[in-house]
Amino acid sequence: MRAHVTRTVAGVSLVLALVPLASGCVPEAEPAGTPGSTSDAVPATDDPRVDSLARVTDAPIDAAVADIDASVKAAMDATGTPGVAVAVVHGGETIFARGYGVRDLDTGAPVDENTVFAMASVSKSIGATVIARAIDAGVVTWDTPVQENLPSFALSDPWVSQNLTIADLYAHRSGLFEHAGDELEEIGYDRAQVLERLRLVPLEGFRTHYAYGNFDITAGAESVAAAAGEDWADLSQRLLYGPLGMTSTSSRFADLAARENRALGHQRQNGTWVVTPEQRQPDPQSPAGGVSSSVTDMAKWMAMVLAAGEGDDSFVSRAALLPAVTPQIMTGRDPSDSTMDQRAGFYGYGFNVTTTAGGLVDVNHSGAFRSGTGTTVKMLPAADLGIVVLSDGEANGVAEGVAGRFADIAQYGAQRRDWLALYMGVFAQMSQPMGALAGEDRPTDAAAPKPLDAYAGVYRNDYFGDATVTVVGDRLQLALGPTGRWDLSPWEATCSPSRRPARTRPKGPCRRRRSAPTGAWCWSTSTSTRWARSGGDARDAPCRRERPDVTALGSVDDMSVPPLQALPLELLRQRSSTKWRSYGDDVIPMFVAETDFPLAPAITAALARAVEIGDTGYTPPRPGIDLDFADFAERRWGWRPDPARIRWTGDVMMGVVEVLRAVTSPGDRVVVTPPVYPPFYDTVEEAGAVVERVPLRDTGERWELDLDGIGEALASGATAVLLCNPHNPTGTVHSRESLAELARLAARYGAAVVSDEIHAPLTFAPSVFTPFLDAAPEAAAVGYTVTSASKTYNLAGLKCAVIVTGSEENAAVVRALPWEVEWRAGLFGVIANRAAFAPESDAWLAQLLVALDHNRRLLADLLAEHLPLARYRLPEAGFLAWVDVSAYGWGDNPAPFVRREAKVALHHGPLFGTEGVGHVRINVGCAPEVLEDAIRRIGALVE
């Protein structure tokens, strides 16, 4: 049986994509006697291709329908599954549709025929009919090469990449190993990231070997969507769900989550059924596992498939659909364990195509999530009969058992065998823990491990990404991918890479080489080694240990994290950016917000790859940065915005002005909090509004929002607040309490808050950054956040930013902005921002924070020595320092004097507002020796 069971292993939920039993390696049992009576048999056809012993007539169909209640009850009683829904179509009509049990154990809400379930891998069959419709529309053919419309997709063999077709991917015959890419989704990678990494997988048996998967199907669907010029979910809605009247069907999880009549996933915990705490969100593999639907809608779909397969339906042509429901590759014939007397199964394009024991063609597919859904569709075209069974419990065989019993009665008048018991046993076996050490005990003679810090470090693998091992208290933790996190337990102190018995050496994506200075090692996760499952050379490749003391995100006071080294001046002066081309080589440029450090390696690699393949076109409709930013925000701040409420644009101020235009009217007053980033003033005016100044309040120790002043401005009619969080130029990190009060004020007066959070990743401990949208419940209703990786990662020249909202109402405002707002995001900007937000760049960020923390403190020491009358507070975030030098009498705007006399270019204080008179802003994102030289030069003016 070809299957991928959803497991909860080491804190990671894996997706199950079950192919029905008849197509797998568990043989279909023969009936005890003759399969069916001939007394009421339909006369044999003259066409031997459709001849069969089984004869399906109205009487056994009626009996099969009458048995459904009892069949479902037996299945629910045997398993405890909370809810089930069933529909049957015959002769183009829905003859049965009913719900059983509950869709939510916590509320007791009942299941009915319109309850929407996650469809899991039945999505593959549904998606195949979307493609059939696209074929009829002239968008593609089954034999269209994938790279023709999706040139970025490639596999490890260039010839295969060039010749790979949509049909190859939908038939699971690409040469990828079984379920390739699933393990990447399991640790948090999004669709684009998974598809990109498939090029690292060695291929075996292109067009000769069947290996079931999810991301092969997903890549094929993405190619079709690219050809149509729209997102896959939108294409499915336009070509299939809308025209067919499938009003409860969608290919987006957000739509499922928003439905009132929705079946939640359930699973057993310690033998008790509960609502699954974290519902499965399959958007990364949406074409293969992300559809949600009801039995009412699925009955319409089955009727269409059955009619089209016979050529009786104008909705989709038989020529487009028939290849999908025709055997394209053999399954279930493994020379190592198959015998001649066992029937082979077959797979079409997104459908299993098998033959029942009675000789009828059986078109089917199943799906399930371990986190709580089990689905199956089963159609007998010769009888114009189909059944769909949906359940809201963890993968346990209920759907397949009910469908198998129904098909038996419809063909033979009685159930031939206990299909439910058979499938329950299969699922129980597949639900066992996986991994080389699963079920094993630690060797009793295992040597003690070395000190924990000997194992800490970053272990590189191109397929999985960096595996970061850190010391947390008295244990090790492993971080792999955006969300993969496990505690490690010692297994064996030393393991030779050349001699690694399965009992003691878990295979995995990353192993330190024997020559590593602190020795080889073996550790296991606290519950399983699923993360380290062997599955192909790409995941079993040797790894390089880099930066042995670097931790995953490293706090800036962790002395084990080395500071990032700035580039040398002779190299920096070769740059062509504003910082290095505004003045001559005799001037030290410290004015504009560019930093002097090398790019994060992940960014360099992503941009280099794009240049290498000529990926210099337009930004795609859904570039994936929404999920990347959501993952980044969750890792850094424990806040996960809804990716469906994240859009993109060219840069932060571009996003700010467009949001202000949408939430204000011409002449409205917008509050700003000077001293503040100079473009804030211009942006408000560009939006047609008027600046309302409410300066920060100086407490003597730090700057704070003047909440009383903001409240008065809002009470007198100001309609929006433009917030800088963290604040530029002061480096203030606003407290959660002040942000929450600001949100309450805005909600009280019906105002909007637009928060520029571009400096947020550069917050220094012990300060804690609070995303405005996460500050209080009211913030989600009034707030709009605009941010980018550009300041932190020095990407100002690569245009990309994100606009984030916390409510559906505000998300609708952003979605209604002109389409050009999103198109202004440059492709290189998107590529660079995605690489910046990826976990691979976290270690670089940790090093950058150490370097900047050192420089902000160094500046305090240098000012005390060379400019003792200057007033300066350590910024709580960022690389920009706000310094009051008014005591030296260099005028209201000291920067021109300093540039002329000391040859150091600083930012002009008065541009930030009248509060900036006598001030300069200094960029400390440079080498310490450059900062020292600059302050000594300025200090020489007063010595």
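Is the crossing of α15 and α16 right-handed or left-handed? The crossing of these two helices is right-handed, a term used when the near helix is turned clockwise from the far one by less than a right angle. This is a predicted model, in which local features need pLDDT of at least 70 and side-chain atom pairs count only at pLDDT 80 or more, while totals for chains, interfaces and linings use all residues. Residues are numbered from 1 along each chain as its sequence is written, and side-chain values use heavy atoms, with hydrogens and water left out.

**Overall make-up**
- The protein contains 32 helices and 37 strands, which are DSSP runs (H or I of at least four residues for helices, E of at least two for strands) numbered from the N terminus.
- Of its 943 residues, 59% count as buried, meaning under 20% relative accessible area with a 1.4 Å probe, protein chains only.

**The pair α15 and α16**
- The axes (lines fitted to C-alpha atoms over the stretch in contact, with angles from 0 to 180 degrees between N-to-C directions) of α15, residues 398–412, and α16, residues 419–430, come within 8 Å and cross at roughly 150°.
- That angle makes α15 roughly antiparallel to α16, a label for angles over 145 degrees.
- Residues of α15 including Val398, Gly404 and Asp408 meet residues of α16, among them Trp419, Tyr423 and Phe427, where contact means heavy atoms within 4.5 Å.

**Cysteines**
- The structure holds zero disulfides, a disulfide being a pair of cysteine sulfur atoms within 2.5 Å.
- Cys724 is buried at a relative accessible area of 1%, and Cys800 also counts as buried, at 2%.

Terms used:
Buried < 20%, exposed > 50% of the residue type's maximum accessible area, 1.4 Å probe, protein only. Parallel < 35°, antiparallel > 145°, perpendicular 65-115°, else oblique.
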